[in-house]
Amino acid sequence: MNAVLIALLVLPLLGAALTLAPVFGPDRAVADRRALRLNSVVTGAVLLLTVALAAGFDHDEPARMQATTDVSWIPALHVRLHLGVDGISLPLVVLTALLTFLCALYSEKRLPNGDGVPSAQAFVGLFLLLEVGMLATFAVLDLLLFFLAFEIVLIPMYFLIARWGSDAKAPAANRFILYTLLGSAVMLLGFLLIGSKAGTFDMQALAAAHGSGLSHTTQVIAALAILVGLAVKAPAWPLHSWLPDAHTAAPTVGSVLLAGVLLKMGTYGLVRVLLPVVPEGTTTLAPYLGAFAAVGIVYGSLACLALARPGAKGDLKRLIAYSSVGHMGFVLLGIASLTPVGVNGALFANIAHGLITGLLFFVVGALKDRYGTADLDTLSGATGAALYGRAPRLGALLAFAAVASLGLPGLAGFWGELLAMFGAFDPAGGLSRPAFVTYMVLAGLGTLLTAAYLLIMVKRVCMGDPEQPAPVAEVADVRPYEAVSWTPLAALTLLAGLWPALLLGLSNPAVKHLLGGG
């Protein structure tokens, strides 16, 4: 199985390199079709490999690191090429492979426009390089390799926004790269501090030590640096301001991967690095993380309510971006509780958010393609969408994704938020229970506000403005390539909601192992 995991990383890297070779022919249209087909074939093969990896995974021992490779890479710096997956990282690897494949299929029929871009080869090369970085982030077990993988994704995403985006794409891309690079630099300082004091960058060895050999001061400083760096990518309030602009400007597939995978890299790092490696420093900072998470939940919901009201000229993509700030607040609150219940809820919410928000961005991207705008006032006006009458399948999918996002029981969004709030209700020893109960109450308020803005959005887009009734005119409903790209996300959202043990059975033993010093 270690060969399968290595192939997962090598295959898209080879595909990206192939886009630089003159093998697609001189004809521009033919070359574009071949490049896009290569993208689908490579990402499809990666998805099959992840399915094989999941099938060969020993589900009786999800806390044990499996499919491991551990060889010396840079002996002078004690850096090792250490790879592996456990019950925490495996679901994220599968989610990443699935979303990239669905985005590749979607792009084959709906390639975003790129100003001044000579061909689809550049798009495919960047897309596959992005997949390499995302998969590697969840598979590497060395702090410096984690930093390297964390950084690989930034450049491809920057160009996907800057060259294939829309509206104010250049400022949005610049803000994205500035925030994330600065955050990564601070995170690297924390990694170097740990490595210099512990004598190794190996994440398994550091987790087994569980902070022994690191003074309390060292742990607090390292935890603060790593927390700030990862909070930018999460994104945690108030380090979130790059996200709405990036989502609004990004092409549809860029928004799907940004919300579905890139945000998860930050929260995954908190679980994989902070909790087991610097436990004392994490305990010191956990109340502050919980406070920022609770504020982020309410702030994101209020921002969405402001965008959803009539006359606000709110952009649907921007609204969903702000909703991600709130939803990821639940993830951060679960992690801050430092309990198995809360951390399991955070990991479940990670996967649920990737499925649901990926579907939302796909549907909103299709709306923008059909109507030329994602402006909520326009979509609900006399010439607006009124999807239930014009495109009922599209309207049903939008409503389904919205109610899943607001946490309807029976769908994936419910369990993660519930468990995160349970974790806050009874936090780990050493944390202030009254403070965390207050955070839980604020999170509960956030769920009510979330339901409010999502139902307002569905009402306005799917039913239209009752004062300006829209004529029932024909609009393209869900197209075949859209159905192929979106149906797996809707099906998995339902499956995870009805069968939460599918994910919790994997993550729970691994979480207990990490929290216990594994």
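**Exercise 1.** In this predicted model, determine how helices H2 and H4 are oriented relative to each other, and which residues make the contact.

*Solution.*
Step 1. The axes of H2 (residues 28-56) and H4 (residues 120-139) come within 8 Å and cross at roughly 15 degrees.
Step 2. Angles under 35 degrees count as roughly parallel; H2 and H4 are therefore roughly parallel to each other.
Step 3. The handedness of the H2 and H4 crossing is left-handed.
Step 4. H2 contributes Ala31, Asp32, Ala35, Leu36, Asn39, Val42, Thr43 and Val46 to the contact, and H4 contributes Ala120, Gln121, Phe123, Val124, Phe127, Leu128, Glu131 and Leu135.
Step 5. Sorted by class, eleven residues of this contact are nonpolar, three are polar and two are charged.

**Exercise 2.** Classify the aromatic pair of Phe362 and Trp486, and state which helices the pair ties together.

*Solution.*
Step 1. The count of aromatic pairs comes to 14.
Step 2. In the pair of Phe362 and Trp486, the rings lie 6.4 Å apart centre to centre, with 35 degrees between the planes, and the pair is tilted.
Step 3. Phe362 belongs to helix H14 (residues 340-371) and Trp486 to helix H20 (residues 480-498), so the pair ties together parts 124 residues apart in sequence.
Step 4. Phe362 is buried, at a relative accessible area of 0%, and Trp486 is buried, at 1%.

**Exercise 3.** Classify the aromatic pair of Phe436 and Tyr439, and locate both residues in the helix.

*Solution.*
Step 1. The pair is edge-to-face, at 5.2 Å centre to centre and 70 degrees between the planes.
Step 2. Both Phe436 and Tyr439 lie in helix H19 (residues 433-463), three residues apart, which is about one turn of the helix.
Step 3. Phe436 and Tyr439 are both buried.

Note on methods: Residues numbered from 1 in each chain as written. Predicted model: local features only at pLDDT ≥ 70, side-chain atom pairs only at ≥ 80, totals over all residues. Heavy atoms only, no water. Axes fitted to C-alpha atoms, helices over the stretch in contact; angles between N-to-C directions. Helix = DSSP H or I, 4+ residues; strand = E, 2+ residues; numbered from the N terminus. Parallel < 35°, antiparallel > 145°, perpendicular 65-115°, else oblique. Left-handed = near helix turned anticlockwise from the far one by under 90°. Contact = heavy atoms within 4.5 Å. Nonpolar A, V, L, I, M, F, W, Y, C, P; charged D, E, K, R; others polar. Phe/Tyr/Trp six-rings, centres within 6.5 Å; stacked < 30°, edge-to-face > 60°. Buried < 20%, exposed > 50% of the residue type's maximum accessible area, 1.4 Å probe, protein only.
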